[in-house]
Amino acid sequence: MFDNTTFADEKYSLEISVSTFTATCKIKDSHDATIQVVKGSNPTFMVGGYLFSITPKYTQSFSILYSIFFVCLVAFQIYFLKLSTNTGSPVIQALFSIRILLNCIVLLATPLFLTSYYLTTGRTYYLLFVLLLNCSFFMSKRVLHNMDLRSHKGLVTKVIWGIVLIAPVLINMFTQNESLFGLIPVLHVQKIIILLMIFVTQDSFLKSYKISYWLRIGFIIAYSLGISALTSDIGSFIYTALAFLLVELVRKTIKLRTAIVCATCIIGVIYMAYNLFPEKLSERKYYRVVAPYTSPESNSLTMANQADRESYSTLLLNLKNIVEFKTPAFNDVVIPANMRSTCHSDFAFHWNLTFGGLSFFIIFLVAVLMLVSNLILLLFCSIRECKIGDKRSFAFPLTREAELVRFLLAFTIISFVYPVASNTLLIPLTGQSIPCLSISNIEVLFLILLFVSLSSIFTNEKYINTNSKAKYYYADAKMSMKYALFSVIAMLLLALGLRAVSLHFIDDSQVWNKHIADESVKLNEQVPGYADKEGLVHFGKKIIGNDNLTTISKAKKPILKNLASLYYSNKPYSETIYESTTFTNSTNKLLNQMTVDSAFNTKSKLISGPQHPFGEVYAFNQRVNNKQVIKVTNDYYSSIPFDAQSINADLTAECARELEAHLNLIGTTGNIGSIMIVENTIGSILTNSSFPLVSGINSNEVYYFIGSVKKLLIAYAALKIDATYRNKVYGGKSFQDFLQFSDDYYAAALLKDLLKNNQANLNEVLTNDFDLPLYSLTDDAYLDSIPTGKELNKELNRNSTIYRQAIGQQKPYKFSEVMLWYSRVASSLKVELSYLKENKTYGSQSLNDDDRQYLLASLNKVLYGTASVVRKALESNNIKTDNMLCKTGTAEAANKQSNSSSTFILSSNNYTIGIMLKGRIPDNDKKLAAKDLFVSLIPILKKYDVLK
């Protein structure tokens, strides 16, 4: 439906039916009459003055193209497999294996490619480059075999030195978003320059200064660090340094033990720096160093970029879903909008893992480990002269070119291993693509260069020494390779296992307050008033400065949005568009985002159950302006979250109908209400009926004055702190009288006693058993302020703060929170409310069983006191009430002519049932309170076996 999109009075609806490559669209007016029908592969039409177009994700021509690509790739695989079985050389077999395994990874990337095809342009070139990668096998190697750069070393050396010296300047001038000219990743640019430096520093320049090998390597690494600093691409330096380290480990010039000790020292320095100066590691690039090991909601990261914290929380929580097998089915997965710019590059492995789950993980891990093993074999063969026959050896390692190949092989190995470890949050994130798996054209082009060079070198007869005395065989290289590979696999599996275990223990949600920079605060203080239009324009131009209007700095956009709102709406942006100052992300939120695409690509599901009192009801999950919109075909189901697992939808709908009827009977516009039913032992929400019947917000999340249902907390706490409180008498009432008749004075006197004599214990009980501290500046708490000594000594009456706190008429709470308290007392477990259907185990509350039974018996007496009408109705329906506890609560309105709320909660062994009414609620004698609504619900609750 399109509402309020034009000035026209008419409303329109679209009915779209699609086939594989075409769509038929019927446009209907508000009387459901068809006014236009369009068909085709890309139909367009006008509605209400707006032009719409329906575009298929995959065209018929693309499908043919991809089919041809797939057939060609399979043909290459068969061809390479046949050739590899007909060669006896381990090196040649390794070259064929690498080609075959890279094609396997291309095939594993199919889901991500199909996603990237319709999200971004130019992705079909990826298919072309993959075919070129395979066709490179047929490239003539004779030209490369005859090439000898050293025959012109004087000129070549000078040219290369010129490139090396001028490269930092050019890179600094033409690098955008860590890519040279916005096209070639700095990682590959740096790789080429490092290869040139390795080549040129082997010559006389370094010899004349008698610089040793290690000082030369240090010089190259320092150069790499300089380029990374200029381009803000630290990942390039990490790859370069790790490649050199890998070469030296294989050469055994550095011992593995030494590398581990150095890595431990670096980790220790970073750990101390983070603990001493966390703000220093909040800068975007440095935050990546600690991101895998630090929760994004950490208070130490308040200065970090908000977008980065959101991205890392998405990665962390999505990994938790993957480990716990909660990801959507393949056909339902949609990559969230905030991750789409990086899903085909930086986090390609992560999203392929989301698509494919455990099956993808196992196949990919096997393929990569086999690929790395073959690359390591070639690396060994480029380091040590290998005997291949009687007095024959592969003597390439003795040449000066071997150093180039070693670095190139090591760099390639790192490029396959590092992104896997970083995408699973094992090591610092670098934002680099993984070859073939990332839908990156540049990655494939550089793989072509790698294959051409490897094929040329390892098939070149000039590197065969016919008079060799070498004693190192290919078998020795294979044995060393297997040892190295085993070490890598062992460490990787151990790290992955520890990460998987840790993911089980992180919370399902992450919440933090968004940081507002001091500069933004100062700028907002300078903003002219909305009446000064010229001043607003002048200030806006000052903020924009020399920025291109299409690429304004993100840091400036919040203040500019505020200026625009003041100019056009005469209101601050915060009053025009509500944006929460708190960021919330959760596993459920991610699952919901991953099953919704846009307003015009909706996913529906049947939500009515076997009872279906209103017929079959469907829910449509949409995303409009990146915000969730849920539409249902029957409004009584509107309160149900789209991804809820625990909800009994039909029960919820019938309760919603009764709630609507009851509030209509009261007849006051603006009244709201909620009915909740919770399974006590597991915390699953069975019903969350809400009025008004809208999906935007559920009334159980609205804060309200809860009245006497709050008295449960001090009754529980008093018995926990000192069991003799059950013998206390205040105002002539006993402890059980206090609960049975909801005596206000007793509640106030008991709270005063606890605050004066047991304040620390009271805080401990409330915090440990109800997650409700006695007082907090930031979170919900029992009190909104700690009473002073003067207040504690004042006489108790309705003007007393302590009195109002005790009877629930000073500090508001959410009804869902109140339901949590009662569910915990009924089950004696520290349950958490959830829309998931899972058998989680919870810890026990601290109240001993004897005192708990006394409390339950006291709460049962309410059925013989303030809730007698409920007991009689239950008994008339043959429902036993012996083991039930309940509580009523009302909050008096400010005008004292009615109530501002009415609450009723009843708990059986299995369920806690609650009703909340808020607004202008008549006094109890009008028989329109929450407990009276409960009476009308009893037949429905019996029907669904909630009450037996």
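How many nonpolar, polar and charged residues does the lining of the second largest cavity have? By class, this lining has six nonpolar, no polar and three charged residues. Ala, Val, Leu, Ile, Met, Phe, Trp, Tyr, Cys and Pro count here as nonpolar, Asp, Glu, Lys and Arg as charged, and the others, Gly among them, as polar.

The model is predicted, with local features needing pLDDT of at least 70 and side-chain atom pairs counted only at pLDDT 80 or more, while totals for chains, interfaces and linings use all residues. Residues are numbered from 1 along each chain as its sequence is written, and side-chain values use heavy atoms, with hydrogens and water left out.

The second largest cavity holds about 60 Å³ of space. A cavity is a set of points, on a 1 Å grid over the protein atoms alone, where a 1.4 Å probe fits but cannot get out; its lining residues have an atom within 4 Å of a point. Grid points are joined across faces, edges and corners, and the volume is the space filled by probe spheres set on the points. Lining this cavity are Ile 198, Tyr 213, Ile 217, Phe 244, Val 247, Glu 248, Glu 403, Arg 406 and Phe 407. Helices H9 (213-231), H10 (234-251) and H15 each supply at least two of the lining residues. Helices (H or I, at least four residues) and strands (E, at least two) are DSSP runs, numbered from the N terminus.

Ile 198, Glu 403 and Phe 407 of that lining also take part in the contact of H7 with H15. Two packed helices are described by the angle between their axes and the distance between the axes. For H7 (residues 186-200) and H15, the axes come within 9 Å and cross at roughly 155°. Axes are lines fitted to C-alpha atoms, for helices over the stretch in contact, and angles run from 0 to 180 degrees between N-to-C directions. H7 and H15 are therefore roughly antiparallel to each other, a term for angles over 145 degrees, while those under 35 count as roughly parallel. In H7, the residues in contact (heavy atoms within 4.5 Å) include Leu 187, Lys 191 and Ile 194, which meet H15 residues, among them Leu 404 and Phe 411. This contact has nine nonpolar, no polar and two charged residues.

H15 (402-423) also gives two or more residues to the lining of the largest cavity, as do H14 (348-381) and H17 (474-505). About 80 Å³ of space lies in this cavity, and the structure holds eight cavities of 30 Å³ or more. H14 provides the largest share of the lining, four residues. The lining residues divide into nine nonpolar, no polar and no charged.

H14 packs with H2 (residues 90-108) as well: their axes come within 9 Å and cross at roughly 160°. H2 and H14 are therefore roughly antiparallel. The residues of their contact divide into 20 nonpolar, three polar and no charged.

What is the arrangement of H1 (residues 60-84) and H4 (residues 124-135)? They pack at an angle of about 20°, with their axes 11 Å apart, and are therefore roughly parallel to each other. Their contact has 12 nonpolar, two polar and no charged residues.

Two backbone features lie in loops. Phe 325, in the loop between H13 (306-323) and H14, has a positive phi of about 55° although it is not a glycine. A cis peptide bond, with omega about 10°, joins Phe 691 and Pro 692; Pro 692 lies in the loop between strands E18 (685-691) and E19 (703-704).

Technical notes
Angles under 35 degrees count as roughly parallel, over 145 as roughly antiparallel, 65 to 115 as roughly perpendicular and the rest as oblique. On a 1 Å grid over the protein atoms alone, a cavity is a set of points where a 1.4 Å probe fits but cannot get out, and a pocket is an open set with protein on both sides within 12 Å along at least five of seven lines; lining residues have an atom within 4 Å of a point.
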